[in-house]
Amino acid sequence: MTIARRQSVAVKIGNVQIGNGAPISIQSMTKTKTTDVIATLEQIQALCRTGCDIVRVAVPDSASADALREIVASSPCPIVADVHYSASLALMALEAGVHGLRLNPGNIERHDDVARIVEKAGQKHIPIRIGVNAGSLARGYRPQVEQGKMGLAEAMVASAREFINHFESMGFRQIKISLKASDILTTVQAYQLLARECRYPFHVGITEAGVGRTGIIKSAVGLGILIFEGFADTIRVSLTGDPCQEVVVAKKILQSLRLATDGPQVISCPTCGRTDIDVENIAVKVEEALAEETMPLKIAIMGCVVNGPGEARDADVGITGGKGVGLVFRKGEIVRKVPEAELVNALLEEVAKVKHEHLQAPRRSRS
Ligand code: SF4
């Protein structure tokens, strides 16, 4: 089974295509003060190493807008400026060379201010994300929601539609759209409604998902539904804390839906009364050791032989526990037996061999 993605048109944020069948890209946002250029660039570099495709940077004031030029010049990936309330900051960001703009036009008071931004973005061929949040609808919709005359999802879509019409009336179509609420069902409903009437690419996520386990679960459920519905062209997991964690979670969500082919997928058994080795500790060590690995590999860590090599036969490399020892297997075939204390190293050695063989294979076929 594969996921049927919604037909969307493409926009480009720097060298990253979004929409029209491009791989679902991963976005995150820096959490440093943008005026601290060194710290911000360090975080951008860490995000890119973790697998982030596009990084958004907050622009709350003119000093932050001033810092953008240096950040954009040294960033290894495209930069999107996140601007609220101020047309002049959006114009400064565009002048600084950002690759995209995130705007909630509902937060900019005057239509002619929005028009100035759209005009400048059009001249520079810079896409704009119309980012409608449930908490900041276009003027006039909030009272209707509060009076029960309109559902929140409908109001979010009506807000987006109003801005889309305004942008299109100026001939601007480098648009992507996000409709975010912290409630999953409202978010899904909003994307369902908008998907019926436009083909602009969608940036999807569950906003303010929360901290730690709560945020990860909420993001996985919400994004899982949105991706499965085919709505995702680019995604952002919003978590309180280290932004690299957002990227790790986003990658794992895509991997779990067979939409990301880079990086290893570590599966481990839940353990039970038959468990003969410390599966949890081994799995954590293996995940850490392979955190920056980009080769697609399936790695299995199984607690006992009952569900060992046979159950995980499609794993490229796996280990299974025995009494004080463990077996290392490749594609279901046992290749080594080692003491438990040596299992992690033995598994990583087999991973290195698989990588080496993979790298040699094209050379052999060319000769
Ligand atoms: S693989 Fe073995 S130890 Fe792990 S859950 Fe299954 S039966 Fe239990």
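1. How do the residues of the shell around the ligand divide into nonpolar, polar and charged? The shell comprises six nonpolar, four polar and one charged (Ala, Val, Leu, Ile, Met, Phe, Trp, Tyr, Cys and Pro count as nonpolar, Asp, Glu, Lys and Arg as charged, the others, Gly among them, as polar). Among the surrounding residues are Cys269, Cys272, Arg274 and Cys304; a residue is counted if its C-beta atom, placed from the backbone, lies within 6 Å of the molecule.

2. The model is predicted: local features need pLDDT of at least 70, side-chain atom pairs count only at pLDDT 80 or more, and totals for chains, interfaces and linings use all residues. Numbering starts from 1 along each chain as its sequence is written.

3. An open sheet of mixed pairing has the strand order β11-β12-β13-β14-β15 (strands are DSSP runs of E, at least two residues, numbered from the N terminus, as are helices, H or I, at least four; pairing requires at least two DSSP bridges). Its edge strands, β11 and β15 (333-339), each pair on one side only.

4. Strands β11 (residues 264-268) and β12 (residues 297-302) run parallel, joined by five bridges, and valine 266 lies opposite isoleucine 299 in β12. By contrast, β13 (residues 317-321) and β14 (residues 325-330) are antiparallel over four bridges, with glycine 321 facing glycine 326 in β14.

5. Helices α7 (residues 184-195) and α8 (residues 212-228) pack at about 20°, their axes 10 Å apart (axes are lines fitted to C-alpha atoms over the stretch in contact, and angles run from 0 to 180 degrees between N-to-C directions). The two helices α7 and α8 are therefore roughly parallel, a term for angles under 35 degrees.

Technical notes: Angles under 35 degrees count as roughly parallel, over 145 as roughly antiparallel, 65 to 115 as roughly perpendicular and the rest as oblique.
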